[in-house]
Amino acid sequence: MRFRRPATMPKLVNRPPSYRRHKNSGLAFVALNGRRIYLGKHGTPESRRAYDRTMAEWFTNGRRIAAPLAPAPLTVGEMIARFWEHAEGYYRKNGAPTSELDCIRQALRPLAELYADTPAADFGPLGLKSVRERMIGAGWSRGYLNRHVGRVKRAFKWAVAEGVIPAAVLHGLAAVPGLKRGRCEARESEPVKPVPEAHVNAVLPFLSRQLAAVVRLQLLTGGRSGEVLGMRVADLNMTGAVWEFRPASHKTEHHGRERVLFLGPKAQQIVRGFLKPDLGAPLFDAGEAERERHAERREERKTKLWPSHVRAQAGKRRKAKGDHFASRCYAPEAYARAVARACVLAGVPHWHPHQLRHNAATLLRRELGIEAARVVLGHSSAAVTEIYAEVDLAKAKAAMERLG
């Protein structure tokens, strides 16, 4: 009688660990005994030979990693791979990766393209300047480029702190100054300015009811997009003439700072139209906006709605997911895309929701002074508020008309 394997018995496999590619550094590696052994640039004959050699030694040593007689020097590519593993765990907030992780990926890409196989201990100021030239050639603006060069330095600083490269490498990189305005070939970006009121009003009819309210609230409160989009009843203190809104999560919470947005009568009137019995639900619900959009389309429908369409829509409603907060709350990126589309439909120049903070900062400084603007915007320094607040030249002109 022939033996048959029961259906519940697991299939036995004995495959050797595979030759793999590290996505962010472009290096080949193999995972052995819980450790990653980097083999060089992925897809090259050298890395294939290194894989064959490593696997042969591993099998010969009883499936254990053999201690090398003399460890090979850590390359820049291997350092990037290790730093990336650290960054994936470090740059997280509320269980989700922050936008800084994408910035780090962009900053390290030119470094990996030019110096992945270079020993990290040999990387110096000349190499950093070469990476910077690659960034200039990509068309990056001076300020954006300087911030990314700072992230490259941060990766080497982490490697020095971990003891994998000598401190002299970091000292050499620190000697490379940032690019100065008018003294380099990098292009200058236009300063961020407030949005003309006419352009803001023009896009409101092309936004959902929820996002139009968010635009008006940003103008009145100076809040960041993510703060206003995540507003809940649970975060509101509606006692007194001025309401207080304390976001559950905000940009500077990891510094231990508290963030409070104050809602005056105009802002309160906007919020009242979105209050919900569910204290933990977002006021500006993306799912609710989508349902309202579909309802409006059905009302404007000219042709007959066939029974098959009704059944299909009923099935979609049964399968609908997204009751948790994150799926119901607008993402700042989706909000920005909606504003960009509305600008096209309204026929006005493109503007970004972040510019609305500049509108609020300019108004607050003109009416109440720089210190009040700093507190409302949540800045730790008035120097940061100066960047947001457009200079009111009308006051200077009036003063010189009287005194000059």
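This is a predicted model: local features need pLDDT of at least 70, side-chain atom pairs count only at pLDDT 80 or more; totals for chains, interfaces and linings use all residues.
Me: What makes C343 buried?
Reply: C343 has a relative accessibility of 2%. Buried means under 20%. The value for C343 is 2%, so C343 counts as buried.

Me: Why is C184 called partly exposed?
Reply: C184 stands at 25% relative accessibility.

Me: What makes strand 2 mostly covered?
Reply: Strand 2 runs over residues 27-32. Five of its six residues are buried. Buried again means under 20% relative accessible area.

Me: Why are strand 1 and strand 2 said to pair?
Reply: Two strands pair if there are at least two bridges between them. Strand 1, residues 20-21, and strand 2 have two bridges, in the antiparallel sense.

Me: Which residue takes a positive phi in the hairpin of strand 1 and strand 2?
Reply: G26 does, with a phi near 75°. That hairpin has five residues between the strands.

Me: What lies between strand 2 and strand 3?
Reply: Two residues lie between them, and the strands form a hairpin. In the turn, N33 has a positive phi of about 55°.

Me: What is the order of strands in the open sheet?
Reply: The sheet has three strands, in the order 1-2-3, with antiparallel pairing. 

Me: What makes strand 1 and strand 3 edge strands?
Reply: Each of them pairs on one side only.

Me: How do you know that E85 and R36 form a salt bridge?
Reply: The cut-off is 4 Å between a side-chain nitrogen of Lys or Arg and a carboxyl oxygen of Asp or Glu. For E85 and R36, the N to O distance is 3.1 Å. The pair links distant parts of the chain. E85 sits in helix 2, residues 76-90, and R36 in strand 3, 49 residues apart.

Me: What makes R224 and E227 a salt bridge?
Reply: Their closest N and O atoms are 2.7 Å apart. The limit is 4 Å. R224 is buried, and E227 is buried too.

Me: Why is the pair E244 and R246 called a salt bridge?
Reply: The closest N and O atoms of E244 and R246 are 2.6 Å apart. E244 has a relative accessible area of 23%, so E244 is partly exposed. R246 has 35%, so R246 is partly exposed.

Me: What joins E100, R151 and R154 into one network?
Reply: Salt bridges that share partners join them.

Me: How many salt bridges does a search of the whole structure find?
Reply: It finds 13 salt bridges.

Me: How many cavities of 30 Å³ or more does the structure hold?
Reply: It holds one. The largest cavity has a volume of about 30 Å³.

Me: Which residues line the largest cavity?
Reply: N24, I80, W84, R105 and L108 line it. Helix 2 and helix 3, residues 100-115, each supply at least two residues of this lining.

Me: How does the lining of the largest cavity divide by residue type?
Reply: The lining has three nonpolar residues, one polar and one charged. Ile, Trp and Leu count as nonpolar, and Arg as charged.

Methods. Residues are numbered from 1 along each chain as its sequence is written. Side-chain values use heavy atoms; hydrogens and water are left out. Buried means under 20% relative accessible area, exposed over 50%, partly exposed in between (1.4 Å probe, protein chains only). Helices (H or I, at least four residues) and strands (E, at least two) are DSSP runs, numbered from the N terminus. On a 1 Å grid over the protein atoms alone, a cavity is a set of points where a 1.4 Å probe fits but cannot get out, and a pocket is an open set with protein on both sides within 12 Å along at least five of seven lines; lining residues have an atom within 4 Å of a point. Grid points are joined across faces, edges and corners, and a volume is the space filled by probe spheres set on the points.
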